[in-house]
Amino acid sequence: MKKFILNCIIGLIIVLALDFGIGRGLEYFYFKQSAGFQHRTTHSIEHTKEDILVFGSSRANHHYKPDVFERKLKNTFYNTGRDGNFIFYQTAVLRSVLKRYKPKLILYDFTGEFTYNQSDYDRLSSLLPYYKHHPEIRSIVNLRSSYEPVKNLSSIYPYNSTIGNIVFGNINIKGLQTKANKGYVPLFGEWKEPIENHHSVLPYEIDKNKVTVFNEFLNLCKQHEIPVVVLVSPIYYKYEDDFSIALCKKLCEEKKVPFFDFTKDKDFLKAPHLFADIEHLNDNGAVIFSEKVVDLIKAHLKIE
């Protein structure tokens, strides 16, 4: 029995040592990345200092071109958008930004739904590498499961689904990495198919966590006296109503936050050549859309 217990203790020590050693190695190379979407997340959370920030998922990442904002508003700009990451991610990033400094203006590109979707919780794994050193985001990451505080005691756990991307993020081979401009990633190509009619998104039971976290985003901006504008950027399909967009507009109106919906803007619905696919503008479309957003900012806000 004593020998068994001793073997168990030795085995546990070996496992803990391996977990610590491998985890520290993964952590080092994760934060050493100089390109890629994980590098852009690290910059968004830990290093931004720009005057204007845009938050959102893929439509933010591909629709807001920094050069246009900087040239026409005379302020620095960074795009924090990340593909496939929605309400929870954006509020977590904002919490970290506000721990460091106060931007002059925040743009929020609304995408997604207020209904419950487990995949939206699963995607919080993109924030796991920051769990240890950023206590301000832990309560959001913990929405993923009640076991997150225990799981994150492991040094490997935060990186166990990122190893491939860590490798690519540390390989500096020309043409391997997607080129990004201050967080903005351009899309190219032109959509050739005719416009389609999509089913409307009807009322459904809302996910209270999403509403709470979205409201927190708006409240944080208000508390820090940062102007915030919520936008729904263009798409290339027609629909009658979208319950999530309607609810987003209602929540913004309650807090007197400017809200602009471009999903039915005819300038884009009649211009398939401005889209890379039905959900995303190409680089030419992003320039035109960014100029429209700048005009709205100039008309409604004073940015110094």
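Me: What should be kept in mind about numbering and confidence?
Reply: Residues are numbered from 1 along each chain as its sequence is written, and side-chain values use heavy atoms, with hydrogens and water left out. As this is a predicted model, local features need pLDDT of at least 70 and side-chain atom pairs count only at pLDDT 80 or more, whereas totals for chains, interfaces and linings use all residues.

Me: In what order do the five strands form the open sheet?
Reply: Helices (H or I, at least four residues) and strands (E, at least two) are DSSP runs numbered from the N terminus, and two strands pair if DSSP finds at least two bridges between them. The five strands form an open sheet in which the pairing is parallel, and their order is E2-E1-E3-E4-E5.

Me: Which strands stand at the edges of the sheet?
Reply: An edge strand here has a single partner strand, so one side of it is left without a neighbour in the sheet. That applies to strand E2 (77–79) and strand E5 (259–261).

Me: How many bridges pair strand E1 with strand E3, and which residue of E3 does Val54 stand opposite?
Reply: Strands of a sheet pair through backbone hydrogen bonds, either parallel or antiparallel. Strand E1 (residues 52–55) and strand E3 (residues 105–109) pair in the parallel sense over four bridges. The residue opposite Val54 is Leu107.

Me: Which residue of E5 does Leu231 stand opposite?
Reply: On the way across the sheet, E3 is joined to E4 by four bridges and the two run parallel, with Ile106 standing opposite Val228. E4 and E5 then pair in the parallel sense over three bridges. In E5, the residue opposite Leu231 is Phe260.

Me: Which residues of E4 point the other way from Val228, Val230 and Val232?
Reply: In a regular strand the side chains alternate between the two faces of the sheet. E4 is mostly covered, with five of its five residues buried (under 20% relative accessible area, against over 50% for exposed and partly exposed in between, with a 1.4 Å probe and protein chains only). Val228, Val230 and Val232 point one way, and the residues that point the other way are Val229 and Leu231.

Me: At what angle do the axes of helix H5 and helix H10 cross, and what is the sense of the crossing?
Reply: Axes are lines fitted to C-alpha atoms, for helices over the stretch in contact, and angles run from 0 to 180 degrees between N-to-C directions. The axes of H5 (residues 87–100) and H10 (residues 208–223) come within 9 Å.

Me: Which residues is Thr91 in contact with, leaving aside its neighbours within four places in sequence?
Reply: Thr91 lies in helix H5 and is buried, with a relative accessible area of 0%. Contact means heavy atoms within 4.5 Å. With the sequence neighbours left aside, the contacts of Thr91 are Ile140, Val213, Glu216 and Phe217.

Me: What is the angle between helix H4 and helix H13, and what is the sense of the crossing?
Reply: Helix H4 (residues 66–73) and helix H13 (residues 283–300) pack with their axes 9 Å apart. H4 passes H13 in a right-handed crossing, and the angle is about 35°.

Me: How far apart are the C-alpha atoms of Ala299 and Asn152?
Reply: Ala299 is found in helix H13 and counts as exposed at 61% relative accessibility. Ala299 and Asn152 are 147 residues apart along the chain, and their C-alpha atoms are separated by 46 Å.

Me: Is Lys182 partly exposed or buried, and what is its relative accessible area?
Reply: Lys182 is found in the loop between helix H9 (163–170) and H10, and has a positive phi of about 50° although it is not a glycine. Lys182 is partly exposed, with a relative accessible area of 37%.

Me: In which loop is Lys256 found?
Reply: Lys256 has a positive phi of about 55° although it is not a glycine, and at 69% relative accessibility Lys256 counts as exposed. The loop in question runs between helix H11 (243–254) and E5.

Note on methods: A crossing is left-handed if the near helix is turned anticlockwise from the far one by less than a right angle, and right-handed if clockwise.
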